[in-house]
Amino acid sequence: MYCGVQEEWCRAMSGAFEKETGIKVAMTRKSAGEVYAQVKAEASNPRGDVWWGGTGDPHLQAAEEGLTLEYESPVNKDLHPWAISQWDAAKKRTVGIYAGALGYGFNTQQIKAKGLAEPKCWADLLDPKLKDDVQVADPNSSGTAYTLLATVVQLMGEDKGFDYLRALHKNISQYTKSGAAPAKAASLGETAVGIVFIHDAVVFAVQGDPIKPVAPCEGTGYEIGSMSIIKGARNLDNAKKFYDWALTPAAQALGAPAKSYQVPSNKNAPVPAQAPKMSEMKLINYDFVKYGSSAERVRLLTKWDKEIKALP
Ligand code: PLP
């Protein structure tokens, strides 16, 4: 199993499945863009069976490129419409397993020490007082960071969106590999702001760290975390068993105890009490078909490398 969420949840899922079925799981955790690259590189000799978790865009790209298999689970009937719309968009090759909104977490002590008001908007992250004090991942490896790239393009328009990323670059101390790493850094005060999925900041806020999660005032994007079966899977029957099981309420309930507070895709699965309330946020109408398409992902990532990452 190639696993795209946080390590702790990955281990809880593989352990629970092994216990329930006796089927041994070899699990590897990687960021979304890295799993996509691995599945593509292994296409002629697949080593993975199922790709569970991580942002939906690279799952959609893999679907379009024929790297994953069509599958219809009997559990589909119990899923929220947004999870099925992901399955429809992928022509049955991926399905939604959870949803979460993008935002950021800020270290309350650092923001106070800099004499800044509490940030509420994307625009607030451009303040020169935040120079070298904002972290976000690299969108090539991280699904979180690609969600940011696609979000600002949809929210502001492409030209203004790239202007925003150029201005933000002045405040970025480093582009991390993993999407959630900046939340931990902000909770420890290693950076004033970490741009992450809001639920990744909540993890540290609920344990009492001085970090506050923000759903940006201008509006924000979100992810439909997804699952796909890899084409050429050597253990296809077991991959399907895992897939069906992973969509059940019992399996989806394993997220919260593993400190993952996404909204599950099964209507009968409990929503973690700590999950950020997506209904209270200003969410953009994220175009998953467009921004999960191979051509658009390649184009935007190439442009980001050239116009943003290459800046001094
Ligand atoms: N962490 C959580 C809790 C997520 O929901 C996701 C995406 O689904 C990620 C991390 C993504 O990780 P990355 O940005 O490293 O691909």
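Ala113 counts as exposed, because it has 11 C-beta neighbours inside 10 Å. Here a residue is called buried if 20 or more other C-beta atoms lie within 10 Å of its own, exposed if 12 or fewer, and partly exposed in between, with C-beta atoms placed from the backbone. This is a predicted model, in which local features need pLDDT of at least 70 and side-chain atom pairs count only at pLDDT 80 or more, while totals for chains, interfaces and linings use all residues. Residues are numbered from 1 along each chain as its sequence is written.

- Ala113 belongs to helix 5 (residues 108-113); helices (H or I, at least four residues) and strands (E, at least two) are DSSP runs, numbered from the N terminus.
- Ala113 and Leu130 are 17 residues apart along the chain, and 11 Å separates their C-alpha atoms.

**Helix 1**
- The 15 residues of helix 1 (residues 7-21) should span 21 Å at 1.5 Å a residue, and this agrees with the 21 Å between its end C-alpha atoms; the expected span is 1.5 Å times one less than the number of residues.
- Trp9, Cys10, Met13, Ser14 and Phe17 are the buried residues of helix 1.
- They lie on the same side of helix 1 because they cover an arc of only 130° around the axis, the arc being that of the directions from the helix axis to the C-beta atoms.
- The elements that cover these buried residues include strand 1 (2-3), strand 3 (50-52) and helix 10 (236-246).

**Two domains**
- The protein is divided into domain 1 (2-99 + 223-276) and domain 2 (101-221 + 295-309), with bounds from an automatic or database domain assignment.
- Their C-alpha centres are 25 Å apart.
- Domain 1 gives 18 residues to the contact and domain 2 gives 22 residues, where two residues are in contact if their C-beta atoms, placed from the backbone, lie within 7 Å.
- On the side of domain 1 that touches domain 2, helix 2 (32-41) and helix 3 (56-64) each supply at least two residues.

**Ligand shell**
- The ligand is surrounded by 23 residues, with Ser31, Ser142, Gly143, Thr144 and Gly179 the closest; a residue is near a molecule if its C-beta atom, placed from the backbone, lies within 6 Å of it.
- Domain 1 and domain 2 each contribute at least three residues to this shell.
- Helix 6 (143-156), helix 9 (198-205) and strand 9 (222-229) each supply at least two residues of the shell.
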